[in-house]
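Reader: I have a model open and would like to learn how to read it. Could you walk me through a few features?

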Amino acid sequence: MTSFLLRRLGGAVFVLFALSVVVYAAFYVAPGDVAQIACGPRCSPAQVAQVSEQLHLGDPLTTQYAHFLQGIFVGRDYSTGTGVLHCQAPCLGLSYQSDQQVTELILAKLPATVSLAVGAFVLWMLLGVGTGLLSVWRRGRFTERVLTGITLAGMATPVFVIGLLLIIILVTALQILPFPDYVPLTEDPEQWAWNLLLPWVSLALVSAAPYARMTRASMLETLAEDHIRTFRAYGVGERALVGRHALRGALAPVIALGALDIGSMFGGAVLTESLFGIPGVGRELVDAVKHVDLPVVVGLVLVTGFFVVLANAVADVLQAMADRRVVPA
């Protein structure tokens, strides 16, 4: 197990390094005048040249990338024309629009996205895995056909459609829930949960469908294995077979899918945040792309990649704990 964990850690570090190279090349080495973008369309050639000098754009590309990595690990100094501004590690640059440190900007937006992602993740895992187990428990009956139809409908419906329907029904018509107005958890936990309930339910209804189908397929595959047939031959009840013996092995692919989804959610659920007006990193990414704010875009992409890689590393460990067969000998 120790060797397995070390290999996964080394692979995660390599993926993050490769991601930083690709992202930096895509946004800073690609054709386009970065100095002109940073300065703005109304800048004179002299002002553009000054910005280029301040950003060290005349240095070799390897030197520019080394400065970029230096900022992440030890911080970096930026010339403002009249002085020097120190960006503390992990420094992802300065926003072209506000001159704010990208790290501070992301940290200010991240709590809203984390709140949305974690709450929705818990709901869709409970709903998806529970639906999958129920369909296996009632397989061959009318209940299974109904659940299968609901699952297919959930997979085919975009999140903004479900979100709009819930707003119309629960907020406008029945007035059961308020329109989401994000309240930080530290200020009022009750209002924090109450205002996020509608986005959580919207994401859960859409995201639970793949988990229900995967849980059902994995459970049926596991129930057909030899050791399950042996348990059944010894008189073990169907409920114990499903809940105690088959579930643990069937959860491995569900955990892998959950890692991908929760990692992507930490990078920002753009549609959900835009629909419900949640001030998270997804909305910030949309604004950064709209204003061609390259440091913010690069920072958000790297943060998203970090969470995806971290979630997959955690998923590998959880899979190994759930099913030791995934650990190489």
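**Reading the loops and the surface**

Author: Let us begin with P158, which is partly exposed, with a relative accessible area of 35%. Buried means under 20% relative accessible area, exposed over 50%, and partly exposed in between, with a 1.4 Å probe and protein chains only. This is a predicted model, where local features need pLDDT of at least 70 and side-chain atom pairs count only at pLDDT 80 or more, while totals for chains, interfaces and linings use all residues. Residues are numbered from 1 along each chain as its sequence is written, and side-chain values use heavy atoms, with hydrogens and water left out.

Reader: Where is P158 found?

Author: P158 sits in the loop between α6 (142-156) and α7. Helices (H or I, at least four residues) and strands (E, at least two) are DSSP runs, numbered from the N terminus. From C-alpha to C-alpha, P158 and L203 are 9.6 Å apart in space, and in sequence they are 45 residues apart.

Reader: How should I read backbone angles?

Author: Most residues other than glycine have a negative phi, and most peptide bonds are trans. Here, Q175 has a positive phi of about 55 degrees although it is not a glycine. Q175 belongs to the loop between α7 and α8, and Q175 is exposed, its relative accessible area being 63%.

Reader: Which residues does a cis peptide bond join?

Author: That bond links A89 and P90, with omega at about -5 degrees. Look for P90 in the loop between β2 (84-87) and α5 (102-137).

Reader: And how do I read a surface patch?

Author: Like charges are joined within 9 Å, and nonpolar side chains (Val, Leu, Ile, Met, Phe, Trp, Tyr) within 5 Å. Accessible areas come from the Shrake-Rupley method with a 1.4 Å probe; for residues, only the protein chains shown count as cover. In this model, L165, I168, I169, L174 and I176 form a nonpolar surface patch with about 480 Å² of accessible area together.

Reader: Is L174 buried or exposed?

Author: L174 is exposed, at a relative accessible area of 51%. You will find L174 in the loop between α7 (159-173) and α8 (189-223).

Reader: How many helices and strands does the protein have?

Author: The secondary structure comes to 13 helices and 2 strands. Of the 329 residues, 40% count as buried.

Notes:
Patch = residues over 30% accessible without salt bridge, like charges linked within 9 Å, V, L, I, M, F, W, Y side chains within 5 Å. Salt bridge = Lys/Arg side-chain N within 4 Å of Asp/Glu carboxyl O.
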